[in-house]
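My notes are kept in the order in which I looked things up.

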Amino acid sequence: MDGMPVTLVVEGPSDEVVARRVVQTAGLTVQEVHVQYGKHQLDAQLGRYNRAAQFGPWFVLRDLNSDADCAPTLLTSLLPSPSAGMRLRLAVRSIEAWLMADSEKLGGFLAIDRSLLAARPESVPDPKLELVNLARRSRNR
């Protein structure tokens with residue numbers, strides 16, 4: 001399974017970086033990437049991607065946001081019968097919340113004090129805006 005090529009589907013360009021890292025950490029390689037520029041576009045194509053996953057591995061990464069109370073409910077709603085090669089995963093609440101959860105690395109990357117990052121990033125109302133505001137405070141351009 002090492003190095004197996006996987007097709008990625010993500011909501012946006014910043015999500016692609018995270019999805020690539022997840023796939024690489026699993027010892028797989030990225031074959032192709034579909035950036036959808038929003039969850040609605042991603043959701044609209046999900047059936048098509050699921051059919052393609054009958055023939056090879058696909059990794060779809062989407063934000064949960066506030067679309068359901070919990071990830072399993074939304075997973076079942078979006079993709080009731082996933083193909084064998086399909087892996088649909090939800091970032092709770094969003095990829096930006098995942099990034100803020102590693103306060104040490106993100107604080108170092110942005111050159112900001114770690115205390116500026118929320119202790120519970122999944123409870124931040126708008127994680128993307130919060131991350132943008134943190135970046136604005138960065139000493140690194």
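The entries below begin with the model itself and then go through strands, loops, backbone and pocket.

**Entry 1: the model and its conventions**

I note that this is a predicted model, in which local features need pLDDT of at least 70, side-chain atom pairs count only at pLDDT 80 or more, and totals for chains, interfaces and linings use all residues. Residues are numbered from 1 along each chain as its sequence is written, and side-chain values use heavy atoms, with hydrogens and water left out.

**Entry 2: the strands**

I use helix and strand as DSSP runs numbered from the N terminus, a helix being H or I with at least four residues and a strand being E with at least two. I call a residue buried under 20% relative accessible area, exposed over 50%, and partly exposed in between, with a 1.4 Å probe and protein chains only.

I looked up strand E1 (residues 5-10) and found that five of its six residues are buried, so E1 is largely enclosed by the rest of the structure. Strands count as paired if DSSP finds at least two bridges between them. E1 runs parallel to strand E2 (residues 29-35), and six bridges join the two. Within this pairing, Thr7 has Glu32 of E2 as its bridge partner. E1 is also parallel to E3, through four bridges. There I found Val10 opposite Leu61 of E3.

How many residues of E3 are buried? I found six of the six, so E3 is largely enclosed by the rest of the structure. Trp58, Val60 and Arg62 point one way from E3, while Phe59, Leu61 and Asp63 point the other way, and all are buried. E3 and E4 run parallel and are joined by six bridges. Leu61 has Arg89 as its bridge partner in E4.

I next looked up Gln36, which lies in the loop between E2 and helix H2 (39-52). Gln36 is buried, because its relative accessible area is 14%. I count a contact when heavy atoms are within 4.5 Å. Leaving aside neighbours within four places in sequence, the contacts of Gln36 are Val9, Val10, Glu11, Gln41, Leu42, Gln45 and Tyr49. A polar contact is a pair of N or O atoms within 3.5 Å; within protein, one must be able to donate a hydrogen and the other to accept it, and residues adjacent in sequence count only if both atoms are side-chain atoms. The side chains of Gln36 and Tyr49 make such a contact at 2.7 Å.

I then turned to Leu79, in the loop between H3 and E4. Leu79 has a relative accessible area of 8% and is therefore buried. Not counting residues up to four places away in sequence, Leu79 touches Leu46, Asn50, Met86 and Leu88.

Ser83 is in the loop between helix H3 (71-78) and strand E4 (86-91). Is Ser83 buried or exposed? I found it buried, because its relative accessible area is 11%. Beyond its neighbours within four places in sequence, Ser83 is in contact with Asn50, Arg51, Ala53 and Gln54. A polar atom of the Ser83 side chain lies 2.6 Å from the backbone oxygen of Asn50.

**Entry 3: the backbone**

Most residues other than glycine have a negative phi, and most peptide bonds are trans. I therefore recorded the exceptions below.

Asn65, in the loop between strand E3 (58-63) and H3, is not a glycine but has a positive phi of about 50 degrees. Asn65 is partly exposed, with a relative accessible area of 25%. Ala111, in the loop between H5 and H6, has a positive phi of about 60 degrees and is not a glycine either. Ala111 counts as buried, at 12% relative accessibility. Val92 and Arg93 are joined by a cis peptide bond, with omega about -15 degrees. Arg93 lies in the loop between E4 and H4.

Entry 4: The largest pocket holds about 310 Å³ of space. Helix H4 (95-101), helix H5 (103-110) and helix H6 (127-136) each give two or more residues to its lining. H5 gives the most, with four residues.

Notes:
On a 1 Å grid over the protein atoms alone, a cavity is a set of points where a 1.4 Å probe fits but cannot get out, and a pocket is an open set with protein on both sides within 12 Å along at least five of seven lines; lining residues have an atom within 4 Å of a point. Grid points are joined across faces, edges and corners, and a volume is the space filled by probe spheres set on the points.
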